[in-house]
Amino acid sequence: MENKSKQEKKQLKNLLTYAIIMMIGVMIIIIIAAMADGREKEIDAKIDQTHQTNMSIQSEVVALKDENYLLKKQNEELLANQNKMAEYERNLSQLRDVWGLYTSGSVEAATQKLANINISEMDANLMSFYESINKVLEKEKAPVASPTASPTDKKTKAE
């Protein structure tokens with residue numbers, strides 16, 4: 001019996017050791033599960049943060065594309081205005097040259113240069129300047145004394 005009692009004690013001891021090992025195993029599993037749950041929350045938080053960052057980057061990209069479009073449009077408008085101004089300055093320079101020729105006494109050269117100017121792209125101001133110069137040049141070409149003088153001309157000559 002003593003043998004049996006020793007054997008039972010040994011079995012009981014083995015059973016208790018087995019139970020302790022099982023409890024430790026269960027505790028380890030619980031700890032790992034708790035850690036995994038914490039990590040899962042961290043990972044979810046990082047995923048959410050990454051998603052929000054991506055959304056803000058996408059909205060910033062859209063805003064930059066819109067701004068780029070507006071800047072391109074402004075650039076095109078500025079280039080068009082710059083081209084208009086260059087054309088305006090070129091036409092104005094030509095008209096100044098004609099006026100310079102006229103004031104220096106070269107009426108024929110001024111008339112010829114005026115005839116060579118392209119008036120299709122002139123605005124109202126330049127066209128007015130062109131017409132004024134043209135009228136002055138036409139008056140210069142007209143004869144000074146006409147064969148049939150008007151009565152007002154005779155009064156002027158008599159005085």
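A residue counts as buried when its relative accessible area is under 20%, as exposed when that area is over 50%, and as partly exposed in between. The structure described here is a predicted model.

**Confidence**

Mean pLDDT for the chain is 83, and 88% of its residues reach 70 or more. Helix α1 (residues 2-103) has the highest confidence, with a mean of 90, whereas helix α4 (residues 151-158) has the lowest, with a mean of 40. The pLDDT is below 50 over residues 143-159, and this stretch makes one contact in the model beyond near neighbours in sequence. Where pLDDT is low, the predicted coordinates should not be read in detail.

**The aromatic pair**

One aromatic pair is present in the structure. Its members are W99 and Y102, whose ring centres lie 5.0 Å apart with 35° between the planes, a tilted arrangement. About one helical turn separates W99 and Y102, because they are three residues apart in helix α1. Y102 is buried, because its relative accessible area of 18% is under 20%. W99, at 35%, is partly exposed.

**Residue T111**

T111 belongs to helix α2, which covers residues 107-115. With a relative accessible area of 17%, T111 is buried. When neighbours within four places in sequence are left aside, T111 is in contact with L137 and K141.

The accessibilities of these residues are listed below.

| Residue | Relative accessible area | Class |
|---|---|---|
| W99 | 35% | partly exposed |
| Y102 | 18% | buried |
| T111 | 17% | buried |

Technical notes. Residues are numbered from 1 along each chain as its sequence is written. This is a predicted model: local features need pLDDT of at least 70, side-chain atom pairs count only at pLDDT 80 or more; totals for chains, interfaces and linings use all residues. Side-chain values use heavy atoms; hydrogens and water are left out. Helices (H or I, at least four residues) and strands (E, at least two) are DSSP runs, numbered from the N terminus. Buried means under 20% relative accessible area, exposed over 50%, partly exposed in between (1.4 Å probe, protein chains only). Contact means heavy atoms within 4.5 Å. pLDDT is the predictor's confidence in each residue, from 0 to 100. Rings of Phe, Tyr and Trp (its six-membered ring) pair if their centres lie within 6.5 Å; planes under 30 degrees apart count as stacked, over 60 as edge-to-face and the rest as tilted.
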